[in-house]
Structures are given as structure tokens and as C-alpha cells.
Amino acid sequence: MGPNYCPPTAPVAQDWIDANDRRVLKDPVDHVVWWSSFNDPVLNELVLQAYGQNLTVREAGARIMEARALRAIAVGSFFPQQQDFSASYTHNLSTGSGFDRHFSTWRGSFSLAWEIDFWGRYRRAIEAADADLDASVFDYGDVVVTLVADVAATYIDIRTLQARLELVQQNVLNQQKTYDTIQTRFNGGEASDIDVQQAKSSLAQTKALAPQVESALRQAQNQLCVLLGMPPEDLTTMLGEGEIPAVEPEIALGVPAATLLQRPDVRRAERNLATQSALIGVAEADLYPQITLVGTVGRSANQFADVFRSGAGFGSIGPSLNWNILNYGRIVNGIRVQDARFQQLLANYRQTVLLANLEAENAIVDFLKSQQRFELQLEAAQAAGKTNELINLQLDEGEVDINRVITVQDSKTRQEENAAVAKGQVAQAYIAIYRSLGGGWPSPYLARGLTPPVEAAEAIQAAEEEIAAPPAIEPLPIEEALQLPEEVER
């Protein structure tokens, strides 16, 4: 009963919007260990540690174990649903007179009831359980993709904040030197108190940046601790000092249909749709009679010694039929409920594909434009640094206005910070691209038995062997994409 499921179509762009950009390569995406492109051993170790300890990953792994057990229950329902062994002993006292008022009864029996899966109810239930197991595997994959991206993004934040803090400290020293020079000139009558106070204000403003950056740095470290599955603690020693990781300007993206449809969340949405399709068949089976084979065998006697003698046995076998002939309104509407849920999940699947395409396109344009922004910010910072060197020479010779010195130094502080932030944004956009492409799944660490528990890891591998990759889907015109495939129309 019910429709035979096949993967639905979904509107997918033919190519990336920025496909003509020389930095966008059409080579296949190498996204399994994409974070290794940063060439940062500390980041590599953090990703490995997070995969082994993160509690959200363990939770998702336990959900796979649950789905596998539920599938085993569904398979068990395909066989005789009731298998009972019973044994009893009773001592009886009858009314009336005589010497045989007291007698005993020994009885043992085995009963079996097997609803024949004539209409495919249980086969559809197994089909639904199979799809649920697949969906739990892809849910695990989605958690892994998010975890790896979050670890990398938090690590980039930490390195960016460390760079900003170092720049703030350097600029504090630079402005402290300027303030001391002006104070010395004021003491010698060569500068006014206004100049001193202005230099002091600029110095204090720059110093005030340090606590702000330090607070953000501590919060980023705390966030990283949670991703690593450990209580927040000071990670300064473990992380050490390091540069903001740089990436190549080019990136291989393949084509949308070959990458977006393989995202774990997209495949999970498709598997949920397959589950619901099978449940329609389960609901339709209620329209037809339930045919059950019932049998009982046993032995009964008044004395225990007679239980195993001939003549003590009894038994019965025969079919039974149960048909809800007066509940058709309820059953038909139950089928309509399952149909409506299928339509909802179909729309959700297509929306998931669209959002995946949106996420990828936004990440791509952000990556390309952030490179341009970084180049310009770096140029501005270098110019500000050169201007600061020149203005300091003039300050030492006493040939420059104090206001101009302070303005140049404030500009240097801002431009250098902006350049550090822009460099970090390039790396963040790079991470966002691989997050949008499902980077990090299938995880290269599954074979190492880190997490989830061994049983869940085995379930993942078994489920992955059973999951056939969806066929390539050709993009359709929007008017066709909005229609149901013929195979699932009712």
C-alpha cells in the first residue's frame, strides 16, 4: 500500500554567480579535512580534540543508536507479533459430598499470533525505520559540520583578538613616547598644557581598548572550551601565540548540484521525506482487513505425572480476520493527515536546498570581497605606519603641530586594527564557504573510534553502506520544480 518513493526534484542553480571569477575553481570540492588548508597544527589538534570530546556530537551519536534499535523493533514486528508461554497450577475444592472434592489442575501452553503482512503494513514500517536511521546518520553529520566550523571560527576569532591586543599594546607604547616628549617640552616651556592634555586623552583612549579586547578574548576562549567538551578555563598556555591563519585566494567549489545536494542537512531532509512516504502506506493498510494466524498448543492434567502422558495434550490453530468496516471516515482522514505531512516535508526539502544555495552564495561573495577589503585595509595600515614614522621624526625635531601628531597616531591605531579584523574576516568567510558545502563530513575521524560510542560508530558505518547516493538532479524551470513528481503524486 502507498506510493513507491523516489527522491524528489529540487531547484538548484546551474552554476555559481561568481563562476567567472578567476578565484572560483570548478575543481571537485576537497572538503573532508578542509581546515588543514590553514596549515595550522594547533587548529588541527583542536578539531581532533573537539570531535573526540564534544557533548553535542555524543548526543547525536546516541540518537543513531536509538534509531538502529527502533529499526530492529520494526523488523521484529514483521515476524509473529505474539509468542506467549504460560504455565499454571490450581488446587480446587468442589461443593457437595464425597471423597473427591479436592483435585488439582496442571496446565502449560504456548500461544502464537502472527498477523500476515498481506498489505505491506510492516514492510512499510521497516522502510520508514530504515529512512529514520539514515536521517539520524545525516543529523550526526550536520552536527559534525557545525562543530568543525565553529571550532575553526572561534580559533580565528582568538587569533584575531590576539593580533588586535598586540597592536593596541604597540600603539600604547608609541603614544606613551609621544606623551612623554610633550610633557618634557611643557616642563621646558615649549608646549602648552592643552597639548599635554590632548596627548594624555589620546593615550588613555588607546589604553582603554586593551580591556575590551581582553574581555572578548576570554569569552572566545570560554566558547572554545565548551566546543571541546570541557569547563571554561584559561587556554593561553595551550594556544600560545600565533598569526591569523591565511588562505589561498582561490577555492575549488565544483558545481552547485554536485555539492549542495550532498550536505548532511539536505540529505536528512530528503530522508525524512522518505520516512513520511512509507508512513502513508502504513496508514493505507488500515483500509483493509487484518488477517492473523492464531495457534495454541499445550498440555493439561490433574496430576503432574500425567502432564506428559498421551491424551493430556490439546491445541488449536486457525486464521482470524479483523476489519474496521465502520471507521472509514477516520481511516481516510488519517491517510490525508499523512499525505499533508508528506507535502509539508516536500516543501521543507526544497526550501532546505534553496537555503543551502543562499548560504553558499553569500559565503562565496563574502570571501571574494573580503579579500579586496583586506588588501585595501592593509594598504591603509601600511601608509598610516609610514606616516607615523615621518611624523615622529618631525616631532623629535620640534617641527610639527601636536594636533597633527595625535591625529596621525589615532589613525594608525584604527587602520592597523581594521587590517587585522579584515584579515580575520577573510579566514571567516573561507570557513563559511565550507560550512555551507557540508565540509567535514563524512568525518575522517570515524575510523579512529573517538566518538560517538563504538556502537554508534558501527551504526554509522552500517547505515552509510546502505545509503545510496541520490542521483544527480537536473535543475528544472521554476514552474516545473513547484510541482510534485509523478511518482509521489496521489
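A residue is called buried when its relative accessible area is under 20%, exposed when it is over 50%, and partly exposed in between, with a 1.4 Å probe and protein chains only. The structure is a predicted model, in which local features need pLDDT of at least 70 and side-chain atom pairs count only at pLDDT 80 or more, while totals for chains, interfaces and linings use all residues. Residues are numbered from 1 along each chain as its sequence is written, and side-chain values use heavy atoms, with hydrogens and water left out.

I116 has a relative accessibility of 37% and therefore counts as partly exposed. This residue lies in the loop between β3 (102–115) and α3; helices (H or I, at least four residues) and strands (E, at least two) are DSSP runs, numbered from the N terminus. A128, by contrast, is placed in helix α3 and is buried, because its relative accessibility is 4%. The C-alpha atom of A128 is separated by 8.5 Å from that of R71, although the two residues are 57 apart along the chain.

N39 is found in the loop between β1 (24–25) and α1 (41–53). At 66% relative accessibility, N39 counts as exposed. Its phi is near 55°, a positive value in a residue other than glycine. Most residues other than glycine have a negative phi.

I116 also belongs to the lining of the largest cavity, where I116, E115, F118, W119 and P289 lie nearest the centre among 10 lining residues. The elements giving two or more residues to this lining are α3 (121–187) and β5 (290–301). A cavity is a set of points, on a 1 Å grid over the protein atoms alone, where a 1.4 Å probe fits but cannot get out; a pocket is an open set with protein on both sides within 12 Å along at least five of seven lines, and lining residues have an atom within 4 Å of a point. The volume of the largest cavity is about 50 Å³, a volume being the space filled by probe spheres set on the points, which are joined across faces, edges and corners.

The largest pocket holds about 370 Å³ of space. Its lining comprises 17 residues, with A163, L167, E243, I244 and A420 closest to the centre. α3, α8 and α9 (402–436) each supply at least two lining residues, and α3 gives the largest share, 5 residues.
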